[in-house]
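Hello,

Here is the structure I promised to pass on. Please open it first, then read the notes below.

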Amino acid sequence: MSKKLFVGNLSFQTTENDITDAFSQCGVVEVVSIITDRDTGRSKGFGFVSMNDEDAEKAIEAMNGKEVGGRALTVNEARPMVKKDFTSRAGRNNRW
């Protein structure tokens with residue numbers, strides 16, 4: 001089974017190939033995705049890497065704090081995305 005890793009503090013110039021090259025030292029990289037702004041297409045400075053469980057643990061140990069593209073990476077196991085509730089606040093709908 002594969003594990004998804006959060007990779008933060010990426011340089012805006014870092015590419016998916018750069019991340020793949022860096023993480024491939026720890027094992028087989030299945031998927032790399034850098035999150036981009038939908039309007040500008042510019043990197044948001046974080047992304048995700050999927051690897052098998054054993055390689056993912058090695059990658060967390062080896063890559064957390066390692067410098068890539070001039071910045072020290074933050075690497076840990078990704079947490080599930082929490083759906084935010086954007087409903088109106090109490091009393092706001094009864095304004096008029």
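Contact here means heavy atoms within 4.5 Å. This is a predicted model: local features need pLDDT of at least 70, side-chain atom pairs count only at pLDDT 80 or more, and totals for chains, interfaces and linings use all residues. Residues are numbered from 1 along each chain as its sequence is written, and side-chain values use heavy atoms, with hydrogens and water left out.

Start with Thr-36. Thr-36 is in strand 2 (helices, H or I, of at least four residues and strands, E, of at least two are DSSP runs, numbered from the N terminus). Not counting residues up to four places away in sequence, Thr-36 touches Gly-41, Arg-42, Ser-43 and Lys-44. Thr-36 counts as partly exposed because its relative accessibility is 42% (buried is under 20% relative accessible area, exposed over 50%, partly exposed in between; 1.4 Å probe, protein chains only). From Thr-36 to Phe-46 is 8.5 Å, C-alpha to C-alpha.

Next, the core. The largest nonpolar core has 19 residues (such a core is a set of buried Ala, Val, Leu, Ile, Met, Phe, Trp, Tyr and Cys residues joined through side-chain atoms within 4.5 Å). Helix 2 (53-63) gives the most, four residues. Leu-73 is among the residues with the most contacts inside this core. Leaving aside neighbours within four places in sequence, the contacts of Leu-73 include Val-7, Phe-23 and Met-63.

Last, two charges over rings (NZ of Lys or CZ of Arg within 6 Å of the ring centre and within 35 degrees of the ring normal). Lys-4 lies over the face of Phe-48, 4.9 Å from the ring centre. Arg-42 has its charged end over the ring of Phe-12, 3.9 Å from the centre.

Best wishes
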